[in-house]
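Thanks for coming. I will show one structure and then go through a few parts of it, starting with how the chains meet.

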Amino acid sequence: MTDLIPMGPLGTPDPARATHGALTLTENTALMLIAVATRPGTPAPHPLGLHLPGPGLWSQGQGAAAFWTGPGQWMIETDVPDHAERLRDAIRSAPGARLTEQSDGWICVEVTSDAGAAPIRALLERLVNLSPDQVAPGHATRTLLHHLGCIVIRRGEDHLAVLAPRSAAGSLWHLLSETASRQVPVATV
Amino acid sequence: MSRLDLSQSRDALIDRNRPLSFTFDGRPYQGFAGDTLASALMANGVQLVGRSFKYHRPRGIFSAGSEEPNALVTLRSGARAEPNTRATMVELFDGLEAGSQNHVGGLKHDLMAVNDLAAPFLSAGFYYKTFMWPRAFWEKLYEPAIRRAAGLGKLSMQADPDSYDRGYLHPDLLVIGAGAAGLMAALTAARAGAEVVLADEDARMGGRLLAEGGLLDGAPATQWVAQVLDELAALPNVRLMPRTTVFGVYDHGIYGAVERVSDHLPTPGTRVRQTLWRITAKRAIMATGATERHIPFADNDRPGVLLSGSLRAYANRWGVTPQARATDPVLIFTNNDDGHRTAQSLLARGVPLAGVVDSRSGARSLGEYTTHAGAMVTGTKGRHGLRRVQIRTADGRDSWIPCGVLGVAGGWNPNVQLASHHRGRPVWDRERLTFLPGPDGPAGLIPAGAACGHGSTIAALADGRRAAQTALAQLDRTATAPALPQAEEEPSAIAALWHVPGKRRAWVDLQNDVTVKDIKLSHQENMRSVEHMKRWTTLGMATDQGKTSNVTALAVMAELTGNGIARTGTTVFRPPYTPVALSVLGGGDTGANFRPRRLTPTHHWAEANGATFVEVGQWMRAQWYAQSGETHWRQSVDREARAVRSAVGLCDVTTLGKIDVQGPDAATFLDRIYANTISTLKPGRVRYGLMLREDGFVYDDGTCACLGDGHYVVTTTTGNAGLVFQRMEFARQCLWPELDVTLISTTDAWAQIAVAGPKSRALLERVVDGVDLSNDAFPFMACAALTVCGGLPARLFRISFSGELAYELAVPARYGHALMERLMERGADLGVTPYGTEALAVLRIEKGHAAGAELNGQTTAAMLGLGRMVSAKKDAIGAVMSRREGLAGDSRRLVGLQPVDPAGKLPAGAHLFAEGVAQGLATDEGWITSACYSPHVESYIALGFLDRGDQRLGEVIRCANPLEGQDIPARVVPAHFVDPEGGRLRD
Amino acid sequence: MLIPHPLLGLRDAQEFTYLGDAALLNRPDPAAGEAAFADYVYLRDNPASVHRELWFHEQGDRSWLVVTRNTLTHEILGAELARDVKLGGTA
């Protein structure tokens, strides 16, 4: 094991966390990301039985989840290191499948609501120019957040994840926390 | 005071229990919650609120809505001061400060009022006629003088302290306007289950229903409005957006809207001030209502003259009338039945009425007041406010009627602007004497109610329902139609009267001070098309965009040309419908957050170690690391460059684009992307790669490392990372989709640090885990996947940008910071030195490596001395065109330049000439691309392209920079100032 | 504008970058020589009507699309994956 100490994308030793009203933002530093690609038009692999979903979709399996990133391309997420290693082996042995390690390429911020779907929906309205059905639970898509290219995953009615290129972590955190803080209702005058 | 008694206006939509204090021009006043600044000023008897644009004439409130041409005020003070706000749209809040504009000295005694005496010289087109010569005066004299004299409010010139937001909505139906038609449309669609957004520019929804004082189902219409709004507010599929102006229609059902979130509050507090909404709607209903027009007559611009329908609105909605004294009688001038409705409303509220002047000969009173049928208003008196009105009766007699207010009713213009945003041309309706939305308006936008000529309450309600049913049917939804409330009949007969003939000035456009005379002059000077007239007279060009003047003006022009109004047509309406602040269009991201910033993995380390940063695209890169005692950046840069040449330096090069290329056809694919051959590259080796554009010029360069069979990593320059990826995807998807290859960007995943200098191997040997880095085992252009620092997976590339023995070491990005620290620590005794982009540039210029300045889209491979890299044995992007005569024949070559005077400087961008020639385009032989001080050469050096440069080594040429009067002799030398044989990087 | 992405549905044009005439799919055979390439690189039709053009879903799935658009009205008549167009030989 290396003795080098890793640093999070925000330059902080511990994952960042902030609460704005019903919304809590948490940096997910445990997430490992593995990009999988196949020749477009060939059947999708099923590494360890994980279902790789169709365009615009996200699907959760045992110990891992996956979302579509382009024709013949997916990203697999897991926060279990051993499972990640087994997944990598499974991808390497799947015919025609290519693996690219992306764990260090992204910052992932989990946004959860303790008041159901409404605060998440309100936040999404201020973040992305997508219709509610394009960001409904079970959907994931790459899109623009303000001027930043991001991946938006709706993990549940009250749960959203946003991935941005690691180098833009500060910008993502700023725009998410700023936007979330504006959703906190102000007492009417 | 002109607030009506409680007994006369119990139903007014103001809260008399909530008095609010405000100031206007420093004087304190009181109003009530529910007031606008305009209604509150009226309640306090303030008639004079501003000075006109050009002639500085006294002006008063003219309307009750967003069409207001006169009552422009500066709201708030300090950094929040906002000029040109319409008093009619400003909701009163406690402590509001407002000030009048466009006067020198006091509002009552404006010194610029002398402009009015100079009116004969300020007629249509005077800018074009007067300020022609001399040309040198345009910017220095004429423009500042004109701007000072004729202007609107002044900017605070301070930074905007407020924040702004943006948002996106995707309803089935957007209803624009919440008057009778809009409410009925929203109700119909909402009950059918459609996702509905209802937006209205007013703080209070209801539109004209709030202003008419009429009955619906036998009760005040405001009650019906409240019921409908309650029902809509309770539905989960409806979003009510008051204070929201839909300002533009864009392609494919996209609408721009601004929500004024906290403009009605003293300060926004923690809220945003405004939100920009981008609304993508499957269908939209344009229920934008209508704007009343006036009838120009002599001296019709005095304070106290206003639109009749607005007068009615003030009385009914706010319980105010605009006289200076409550006892001053009110006169109405009309050419249609609607003027009589105002008379009825005022009578019902006990307002003293001087009568109705109706231009129609058969006109009759609709109540207990005098009607002067067949009469016209021909003049006014009153210096700062109306005192008397002159009328000419049907039999030609003139008389003066004392009055404090004159309401003018010239008919209603449907607000067709939004329907005209896609080249849609309004069509003239002869019967209604109005323009209606044309059939060629934006797809999916359905006009309804008064906006398409159905102006009476009963017609607007029915038409709103009809429009919603149309929209729902188009969206395959069925709707049961809600019942329409019972409404009274409203007479609406009208007879054309576009202006009262006369010799004195009669204003058409109050905001721009354009009179009937100006239009006549425009006609006389052959500026007859409406578009020419607009530009010649400036009619309809300011903040109100001619909402109260356009149609009247073109009717006057039609009269002059005899072409008729239908053929004359309107000018083109463009977004925005009403003014939009630039801050809200910016969407809220300002300063450092104006755009995303990308930080390298060692950013925080660099910050802690004294780095100065520079923006490179979105990236922030360390430019140099100043040490204590260094007072000039050159000291730091020279030291860093020397350290690389003599010991070892570290530079974060994560920003270079990295693209993972995999698949059985990867090598074939890369052969077509790069001008040189990649397919012969063996695993564990790196090759320099040159990309051309399809037109044959050089596009980008970088390295290509083969990590294994069918697996490559391509690097690009920092600035081109995104574009190269896009081009490679183009090649993969559009040119050769039959190749089995996939591309993934991994720029952010790896922290990559350049370790450069004669001691770089010694340093790396201390961190890699048991790998032989000797020259034999790991030669120049080798690469390997290995581990460092006790098992951390890494990639090592032996490549050099500086010309020294050098490597690039990549580790997972999260370890970049720690790796930098470790390399600094382990290399301390070797003299390890971090270096920034400036030293990087010095080193590469010394080595003659091309970078952005050389790869500027005008250079060929041959010019760079890389002509032989373009393989003739295979096809590649740009290969064919690079061989065409014009490109292959370009004889300019990359050379080095050194000033003849060792102390001399060479400026980048200077052009190159032979000695003794007359310098000009014909004798131009090239230019300097990059220049710097070289600590290695100990003088300035430069790279440049010089005609036949490869054959002119040793020649002295001139580097000319005529912009700064520079003409510097320089000697042509090889482009390699360091180690031309390349021994250092290979040993 | 809204681009009807064949896989992802209607997406705002802000997510896309524009390249131009879909004739860029028809890269000449290298043996066709300079003249054919000069045509390919420099000559474009600029119709005031229906136009087939290339859009890149840069801030999305990075698909290249062939979009059929009426340049007079901005009406979009259809969109296909450029890859399918090229493989189907209908460019």
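**Where the chains meet**

The contact between chain B and chain A takes 55 residues from chain B and 47 residues from chain A. Before going on, please note that this is a predicted model.

How much area do chain B and chain A bury between them? The figure is about 4,200 Å², with 48% of it on carbon and sulfur atoms. On the chain B side, the residues that lose the most area to chain A are B:Tyr168, B:His170 and B:Arg814. Together they give 16% of what that side buries.

Next, charges. Across the interface of chain B and chain A the rule finds six salt bridges. As for a named pair, A:Arg182 forms a salt bridge with B:Asp165. The closest N and O atoms of that pair are 3.3 Å apart.

Now chain A and chain C. Here 15 residues of chain A are in contact with 15 residues of chain C. The area buried between these two chains is about 1,200 Å², and carbon and sulfur atoms give 46% of that. How many salt bridges does the rule find across the interface of chain A and chain C? The count is zero.

**Two helices in chain B**

Let me move inside chain B. Helix α8 of chain B covers residues 308-318, and helix α9 of chain B covers residues 338-348. Their axes come within 9 Å and cross at roughly 25 degrees. Angles under 35 degrees count as roughly parallel, and α8(B) and α9(B) are therefore roughly parallel to each other. The crossing in which α8(B) passes α9(B) is left-handed.

Which residues make the contact? From α8(B) they are B:Ser308, B:Gly309, B:Leu311, B:Arg312, B:Ala315 and B:Asn316. From α9(B) they are B:Asp338, B:Gly339, B:Arg341, B:Thr342, B:Ser345 and B:Leu346. Sorted by type, the residues of this contact of α8(B) with α9(B) are three nonpolar, six polar and three charged.

**One leucine in a loop**

Last, a single residue. Where is B:Leu866? It is in the loop between α22 (837-847) and α23 (879-882) of chain B. Leaving aside neighbours within four places in sequence, B:Leu866 is in contact with B:Tyr688, B:Leu690 and B:Ala861. B:Pro579 is 287 residues from B:Leu866 in sequence, and the C-alpha to C-alpha distance between the two is 56 Å.

That is the end of my part.

Technical notes. Residues numbered from 1 in each chain as written. Chains lettered and ligands numbered in written order. Predicted model: local features only at pLDDT ≥ 70, side-chain atom pairs only at ≥ 80, totals over all residues. Heavy atoms only, no water. Axes fitted to C-alpha atoms, helices over the stretch in contact; angles between N-to-C directions. Helix = DSSP H or I, 4+ residues; strand = E, 2+ residues; numbered from the N terminus. Parallel < 35°, antiparallel > 145°, perpendicular 65-115°, else oblique. Left-handed = near helix turned anticlockwise from the far one by under 90°. Contact = heavy atoms within 4.5 Å. Nonpolar A, V, L, I, M, F, W, Y, C, P; charged D, E, K, R; others polar. Buried area = accessible area lost by both parts, 1.4 Å probe. Salt bridge = Lys/Arg side-chain N within 4 Å of Asp/Glu carboxyl O.
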